[in-house]
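Reader: Hey, can you walk me through how some of the helices pack here?
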Amino acid sequence: MERIKKLLEPNLSVIQEVDKEGLLRKIEIFKDLSPKSLNIIERRIQTLEVKKGMRIIKEDEKAKGVFFIHSGSVKLAKQDENGNEIIVCVKQQGDIFAEACLFTRKEECYPATATMLEDGRLFFLDKQELEQDLYQYPELSMQMIRYMSDALREMTSQLRDVVLLDVYAKTVKMLERLGRKFNPDFKRWEVEIPLTVQEFATVVGTSRESISRVFSKLKKEEMIDLKSRKIIILDWCKFCTLLHKEY
């Protein structure tokens, strides 16, 4: 308990879990691990209860470990030279963040600031301990490689959209991408994305005014609504039909 308080932000509370195995199975990288490999993680991992708006890590501070999202969502952001926030990506249940600090030859810093978008629960693994486990246990290493490979493909696809598509197409594609994150099982018709218009604009990489014009069109078509700092896709199936029609 004392060690984690020194490693993390002081406002993060650590809790003790009885059924860590059941919780860990909800994380993408852990869900298919053998009981033996999962037991290794179970012994090291620490569980954090976090509230909306809490800062988990800060850009350019010394990297201490890797985080796994059991519930809630997290935005990763950087600052430009004028101090403006640029959202790099949004992470959801089952995702990892701060993994870029692993296996570096120098003292690595966190590349972005992570802030909770919703109340949730995170798992934390110490950087040095996780690196040792990845060296020693091939099954765990392969799972990490697969996850990071998938993340790289997604980022490449997102960069392609930013460069090649117009504002309307980029907006719709990003809504689709975030909608899938916040409705992974496709069980809900209405999907809430906990971002403001300004925050969404930084994710897309364009101005708030440009996004607002696209949102006005989508609202008239009854595709989305904006409420309480959230973007709401009103009917997921209808929205997917729009994507198919446009692309």
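Reader: How are H6 and H7 oriented to each other?
Author: H6 and H7 are roughly perpendicular to each other, a label for angles of 65 to 115 degrees. This is a predicted model, where local features need pLDDT of at least 70, side-chain atom pairs count only at pLDDT 80 or more, and totals for chains, interfaces and linings use all residues. Residues are numbered from 1 along each chain as its sequence is written, and side-chain values use heavy atoms, with hydrogens and water left out.
Reader: At what angle do the axes of H6 and H7 cross?
Author: Roughly 105°, with the axes of H6 (residues 167-182) and H7 (residues 197-204) coming within 10 Å. Axes are lines fitted to C-alpha atoms, for helices over the stretch in contact, and angles run from 0 to 180 degrees between N-to-C directions.
Reader: Which residues meet there?
Author: Lys 170, Thr 171, Met 174, Leu 175 and Leu 178 of H6 meet Phe 200, Val 203 and Val 204 of H7; contact means heavy atoms within 4.5 Å.
Reader: Switching to H5, which residues are buried?
Author: In H5, Leu 140, Ser 141, Gln 143, Met 144, Tyr 147, Gln 158 and Asp 161 are buried, meaning under 20% relative accessible area with a 1.4 Å probe, protein chains only.
Reader: And what covers the buried residues of H5?
Author: The cover includes helix H3 (35-44), strands S6 (85-91) and S7 (96-97), plus H4, H6 and H7. Helices are DSSP runs of H or I with at least four residues, strands are E runs of at least two, and both are numbered from the N terminus.
Reader: How do the axes of H4 and H5 cross?
Author: The axes of H4 (residues 127-136) and H5 (residues 138-164) cross at roughly 110° and come within 5 Å.

Definitions and conventions
Angles under 35 degrees count as roughly parallel, over 145 as roughly antiparallel, 65 to 115 as roughly perpendicular and the rest as oblique. Buried means under 20% relative accessible area, exposed over 50%, partly exposed in between (1.4 Å probe, protein chains only).
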